[in-house]
Amino acid sequence: MSNSLFADASKRLEKALKYVSLSEDTIEHLKYPKASLAVSIPVRMDDGSLKIFQGYRVRYDDTRGPTKGGVRYHPNVSLDEVQSLAFWMTFKCAVLNLPFGGAKGGITLNPKALSKMELERLSRGYVDAIADFIGPDIDIPAPDVYTNPMIMGWMMDQYSIIKRKITPAVVTGKPIAMGGSLGRDTATAMGAFFTIESMMSKMDRLPSETTVAVQGFGNAGAIIAELLSKVGYKVVAVSDSQGGIYAKKGLDIPSIRRYKTSSRGIQAIYCEESVCSIVEHEVITNEQLLALDVDILIPAALENQITEENVNNVKAKYIFEVANGPITSAADEILATKGVYVFPDILVNAGGVTVSYFEWVQNRSGLYWTLEEVNHRLKQKMVEETNRIWAIAEELAISMRTAAYVHALNRLGEAREAKGTRDYYLSDR
Ligand code: NAD
């Protein structure tokens with residue numbers, strides 16, 4: 001078996017193709033990225049030495065509009081990973097009916113090993129290297145793992161310096177003061193929350209009777225844990241890269257978030273005002289978290305977390321993929337035979353790119369929306385597309401993942417075929 005993440009990602013496409021009627025043109029196009037760029041970024045380090053970092057940007061498909069996708073800073077970043085993430089973005093934008101194609105970028109590094117000034121020089125250097133590959137009507141980067149609003153602000157600023165004009169719409173996920181959208185910071189989790197709420201009500205499940213475990217306590221994971229606990233779900237376990245905590249009675253997520261912000265770790269604490277105390281809990285590994293007997297499991301860290309090796313340990317009834325690609329295609333098959341409902345990344349975490357789209361619209365119109373307006377529009381889109389995918393899954397008796405690909409493929413096919421297909425050109429010969 002190939003170890004390529006992209007080869008594995010492509011299997012989802014092959015499966016969905018059985019349920020759609022698309023032109024050969026569309027299918028051929030979707031097998032290959034439109035353009036891939038690999039760059040070397042020289043950075044002057046604080047100790048005076050020069051270090052070269054490897055960076056990537058892949059624009060996978062722009063049939064439906066300029067391409068859109070985050071930039072990841074992580075030691076595992078590779079061209080294969082960036083290409084897979086760009087592939088998923090193509091389908092995600094189509095699922096949400098956004099006028100965008102898919103892209104992704106990344107730099108191979110351990111961001112925790114760099115000072116803030118080194119990170120700024122690296123981020124500006126990355127934009128210097130890819131400036132001709134991006135643009136508000138070409139390709140629009142955004143945050144992903146270990147990149148944040150300040151980094152997006154540096155990137156927008158650097159692009160504006162190069163082009164000699166302020167260009168807020170070139171990057172989304174910026175600080176509010178630099179043209180960012182209200183609600184972008186919580187958008188991924190908020191979108192996932194709307195999908196979870198829609199599906200749980202279809203399943204007749206009450207929050208108070210539903211236990212949840214969340215892997216990854218970053219931008220997406222910590223906020224989804226908090227949103228769910230606020231409306232009564234019992235979040236019993238959370239984890240980060242160092243490991244996790246489990247408390248059968250449920251965890252106090254706001255206190256844990258406050259602790260994480262001040263100390264960078266996670267701790268099972270309960271705070272009243274400024275007085276915090278440790279509560280009864282078990283320290284668990286990430287593997288143990290994935291195997292907990294909970295109703296809902298939310299992988300919100302990185303890809304390839306549930307694989308053929310550990311899938312048989314999974315006991316959750318519902319998995320909502322907040323991370324991109326946390327389940328391999330082989331593990332997916334096994335989960336299906338076990339009757340586990342898997343709600344796919346290209347739907348569940350699409351709230352982030354949806355509010356990025358709203359940010360781009362606001363930047364281009366110069367008219368800025370209230371938080372209520374952003375969240376209202378986000379809810380409308382997430383609920384509408386979740387219901388459509390559910391209906392496709394029911395009608396064709398297929399998984400929610402395959403249904404989401406079918407939904408996206410129909411939209412991608414329509415856009416591609418509007419330009420003419422073999423049948424069109426040969427019809428009057
Ligand atoms: P982040 O950097 O804010 O957080 C990542 C979290 O995962 C951190 O808490 C980190 O400690 C933890 N982590 C890293 N390795 C881990 C491991 N092996 N086991 C458990 N935890 C681990 O990143 P994020 O923005 O929250 O992104 C998380 C996932 O969500 C990624 O797959 C990303 O592609 C996806 N996503 C994010 C957004 C967004 O807008 N932030 C949008 C769509 C998808």
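What follows is a walk through the domains, their contact, and then some strands and side chains.

**Before starting**

This is a predicted model, in which local features need pLDDT of at least 70 and side-chain atom pairs count only at pLDDT 80 or more, while totals for chains, interfaces and linings use all residues. Residues are numbered from 1 along each chain as its sequence is written, and side-chain values use heavy atoms, with hydrogens and water left out.

**Stop 1: the two domains**

Select 33-178 and colour it as domain 1, then select 187-348 and colour it as domain 2. These bounds come from an automatic or database domain assignment. The C-alpha centres of domain 1 and domain 2 are 28 Å apart. Their contact (heavy atoms within 4.5 Å) takes 14 residues from domain 1 and 9 residues from domain 2.

**Stop 2: where the domains touch**

The size of an interface is often given as the accessible area lost when the parts come together. Between domain 1 and domain 2, the buried area is about 900 Å², with 56% of it from carbon and sulfur atoms. Here buried area is the accessible area (1.4 Å probe) that two parts lose on being put together, summed over both. Now select Trp88, Lys92 and Val95: in domain 1 they lose the most area to domain 2, together 44% of what that side buries.

Next, show the side chains of Glu303 and Arg72, which form a salt bridge with the closest N and O atoms 2.9 Å apart. A salt bridge is a side-chain nitrogen of Lys or Arg within 4 Å of a carboxyl oxygen of Asp or Glu. Between domain 1 and domain 2 the count is 1 salt bridge.

Which elements supply the domain 1 side of the contact with at least two residues each? They are β3 (67-74) and α3 (79-95). The largest share, 6 residues, comes from α3. Helices (H or I, at least four residues) and strands (E, at least two) are DSSP runs, numbered from the N terminus.

**Stop 3**

Select β1 (35-44) and β2 (50-61). They run antiparallel and are joined by 10 bridges; two strands pair if DSSP finds at least two bridges between them. Ala35 stands opposite Arg59 in β2. The two strands form a hairpin with 5 residues between them, and Gly48 in the turn has a positive phi of about 95°.

The bridge partner of Arg57 in β4 is Gly105.

Now show Asp46 and Arg121, whose side chains meet in a salt bridge (2.6 Å, N to O). Asp46 lies in the loop between β1 and β2 and Arg121 in helix α4 (residues 116-130), so the pair ties together parts that are 75 residues apart in sequence. The structure holds 29 salt bridges.

**Stop 4: the open sheet**

Return to the strands and find the open sheet of 7 strands, in the order β11-β8-β7-β6-β12-β13-β14, with mixed pairing. Its edge strands, β11 (282-284) and β14 (341-343), each pair on one side only. At one end, β8 (residues 243-246) runs antiparallel to β11, with 3 bridges joining them. Tyr246 stands opposite Glu282 in β11.

**Stop 5: the hairpin of β9 and β10**

Finally, select β9 (residues 269-272) and β10 (residues 275-278), an antiparallel pair with 4 bridges. Ile269 has Ile278 in β10 as its bridge partner. This hairpin has 2 residues between the strands, and Glu273 takes a positive phi near 55°.
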